[in-house]
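Here is a short note for a colleague opening this model. Please read the points in order, with the structure in view.

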Amino acid sequence: MRDERGESTKVLSERPVLWSASSPYWRAWEVLHAQRSSGFAGPGPIRFEAVQAWFSARGIEGSEADEYERYLRSMDAEYLDWCAKRTKDSTPAGHRKVTG
């Protein structure tokens, strides 16, 4: 993959490909992402109530809701892991994080 100058870049060539079948789950995660709590330790998981409200508003129930929940929680876990690593990597030398 090439950038706007036509140069090949590692970041662009290694970006993930989202399959069209994953679009509804990705869209749900994007909307629900804004509903998470956040604090000094970073973002928290997407709230259960927000997920249930999403399902209710769209008539998602039963096995379809179970499938959505599985994908959303998996995507959210990856995001939270990425945030935790990013926070850990940004700690200045000689400092330590305070944990509760």
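1. Start at Tyr68. Leaving aside residues up to four places away in sequence, Tyr68 touches Pro24, Tyr25, Ala28, Trp54, Phe55 and Ile60. Contact here means heavy atoms within 4.5 Å.

2. A word on the basis. This is a predicted model, in which local features need pLDDT of at least 70 and side-chain atom pairs count only at pLDDT 80 or more, while totals for chains, interfaces and linings use all residues. Residues are numbered from 1 along each chain as its sequence is written, and side-chain values use heavy atoms, with hydrogens and water left out.

3. Now Trp54, a contact of Tyr68. Trp54 sits in helix H3. Its relative accessibility is 10%, so Trp54 counts as buried (under 20% relative accessible area; exposed is over 50%, partly exposed in between, with a 1.4 Å probe and protein chains only). Beyond residues up to four places away in sequence, Trp54 touches Ala28, Val31, Leu32, Ile60 and Tyr68. Trp54 and Ala28 are 26 residues apart along the chain, and their C-alpha atoms are separated by 7.9 Å.

4. Which residues join helices H2 and H3? Ala28, Val31 and Leu32 in H2 meet Ala50, Val51 and Trp54 in H3. By class, this contact has six nonpolar, no polar and no charged residues. Nonpolar covers Ala, Val, Leu, Ile, Met, Phe, Trp, Tyr, Cys and Pro; charged covers Asp, Glu, Lys and Arg; the others, Gly among them, are polar.

5. Next, the geometry of that pair. The axes of H2 (residues 23–33) and H3 (residues 48–58) come within 10 Å and cross at roughly 130°. H2 is therefore oblique to H3 (under 35 degrees is roughly parallel, over 145 roughly antiparallel, 65 to 115 roughly perpendicular, the rest oblique). Axes are lines fitted to C-alpha atoms, for helices over the stretch in contact, and angles run from 0 to 180 degrees between N-to-C directions.

6. The largest nonpolar core has 13 residues, and Leu32, Trp54, Phe55, Tyr68 and Leu72 have the most contacts inside it. Such a core is a set of buried Ala, Val, Leu, Ile, Met, Phe, Trp, Tyr and Cys residues joined through side-chain atoms within 4.5 Å. H2, H3 and helix H4 (62–89) each supply at least two residues of this core.

7. Last, the whole chain. Its secondary structure comes to four helices and two strands (DSSP runs numbered from the N terminus: helices are H or I, at least four residues; strands are E, at least two). From the N terminus on, the order is α-α-β-β-α-α. Buried residues make up 18% of the 100 residues.
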